[in-house]
Amino acid sequence: MDLEQLELSPRVRNALRKACVRSVREVLSVSAPELQHRLALLSLREVKELHAAAAAACRSSPPVTALQLARGECPSLEPGHRLSLACPVLDNLLRGGLPLRGITELAGESAAGKTQFALQLCLSVQYPQEHGGLGSGAVYICTEDSFPIKRLRQLITQQARLRPNVPQALIRSLRFSDNIYIEHTADLEALQACVSQRVPMLLERGLVRLVVVDSVAALFRTEFQADEAIERARHLLAFSSTLHRLSHTHAAPVFCINQVSDVVDGPNPGRCDYGLVDSKVQPALGIAWANQVMVRLMLWRQEGCLRSGGRTSAPRRLEVVFAPHLPRASCLCGVWEEGVRAIPDEDLGEELQTTS
């Protein structure tokens, strides 16, 4: 970008002309003291104002602080800018649900119930905004297992039970299965083609507002050897950059399911604890992927049994590992016929009990 496009004082323009500084890139590529040394006529305050003007010209949207995100004051986001998980306790844990911009990751061991959350979100996104949805569909990208169509059909038939406060006529009017677009990718090339060609088309046409990847680790783990960490990180960054661009352009949440790796004792420069110091497992793909995630959640399957109205479920604990707008917190939940429901702490000894 040319500096002529910026609103600068004649004094600053004259200094830039004498120092042969012609582009915004030249201004932003050096520190303020270095730039002041080149622009001898300007004070440090004037140089900082020049830096700020150059940076503002490069931004496509105003910066958003973590406090604004937590309060829902972001000017670039529409009112009610969360995708509900269709459970008040889970929504309360996440301050309303999934943010519309950025990558939310759910990691956990096999059979923890991660796919159940993804399916529930695929249905939740189809409700209108006043009921926590986005009034659109979802694209579900499978990288390891086939899509659980039977479980999806069961969840659809149980929507009235999961959402008793939503008008039954509205639930019956939604064609849930018609608005979930399923993609199967067998290798990284197919995955990249999917997110760079087919998914953008669905988003641009307004057919979907949620992107699910189940799972993000499968292909990156199988296609690279241990000594190819740099190459794997390069592909990971390209993939995550595409997801971020789609999410921010279309205000569409990206929900990525991740596997876990056993923690190896001793020095491990690629390990990324992020608060999970005492855990025996860590989310897969290391720090290269962790730096691309805005919200990291962990799902733990625990011993015991949750009971409700004659039904039982293995207890799970959903934990917020990190997020710019959320504190470290967790809640207990179970997977039932109608979907995932969390249990308020005050109800653990009443309707639902944990038994060994």
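Trainee: Where is Leu39 found?

Mentor: Leu39 is found in the loop between α3 (32–38) and α4 (44–58). Helices (H or I, at least four residues) and strands (E, at least two) are DSSP runs, numbered from the N terminus. This is a predicted model, in which local features need pLDDT of at least 70, side-chain atom pairs count only at pLDDT 80 or more, and totals for chains, interfaces and linings use all residues. Residues are numbered from 1 along each chain as its sequence is written, and side-chain values use heavy atoms, with hydrogens and water left out.

Trainee: Is Leu39 buried or exposed?

Mentor: Leu39 is buried, with a relative accessible area of 0%. Buried means under 20% relative accessible area, exposed over 50%, and partly exposed in between (1.4 Å probe, protein chains only).

Trainee: Which residues is Leu39 in contact with, leaving aside its neighbours within four places in sequence?

Mentor: They are Ala15, Leu16, Ala19, Val21 and Leu50, where contact means heavy atoms within 4.5 Å. Leu39 and Asn14 are 25 residues apart in sequence, and their C-alpha atoms are 9.6 Å apart in space.

Trainee: Ala15 and Leu16 belong to α1, then. Which residues of that helix are buried?

Mentor: In α1 (residues 10–18), Val12, Arg13, Ala15 and Leu16 are buried. Seen down the axis of α1, these buried residues fall within an arc of 160 degrees, so they line one face of the helix. The arc is that of the directions from the helix axis to the C-beta atoms.

Trainee: What do the buried residues of α1 pack against, and which residues are exposed on the other side?

Mentor: The buried residues pack against α4. On the other side of α1, Pro10, Arg17 and Lys18 are exposed. Cys20 follows α1 and has a positive phi, near 60 degrees.

Trainee: Which other residues have a positive phi?

Mentor: Ala86 and Ala111 are among them. Phi of Ala86 is near 65 degrees; this residue lies in the loop between β1 (82–83) and α6 (88–93) and counts as buried at 12% relative accessibility. Phi of Ala111 is near 70 degrees, and Ala111 is found in the loop between β3 (103–108) and α7 (114–124). Most residues other than glycine have a negative phi, and most peptide bonds are trans.

Trainee: Where is there a cis peptide bond?

Mentor: The bond from Asp214 to Ser215 is cis, with omega near 0 degrees. Ser215 is found in the loop between β6 (208–214) and α12 (217–222).

Trainee: Changing topic, how do α11 and α13 cross?

Mentor: The axes of α11 (residues 188–204) and α13 (residues 229–250) come within 10 Å and cross at roughly 5 degrees. That makes α11 roughly parallel to α13. Angles under 35 degrees count as roughly parallel, over 145 as roughly antiparallel, 65 to 115 as roughly perpendicular and the rest as oblique. Axes are lines fitted to C-alpha atoms, for helices over the stretch in contact, and angles run from 0 to 180 degrees between N-to-C directions.

Trainee: Which residues meet there?

Mentor: Those of α11 include Leu191, Val195, Val199 and Leu203, and those of α13 include Phe239, Leu243 and Leu246.

Trainee: And the protein overall: how many helices and strands are there, and what share of residues is buried?

Mentor: There are 14 helices and 16 strands. Of the 356 residues, 49% count as buried.
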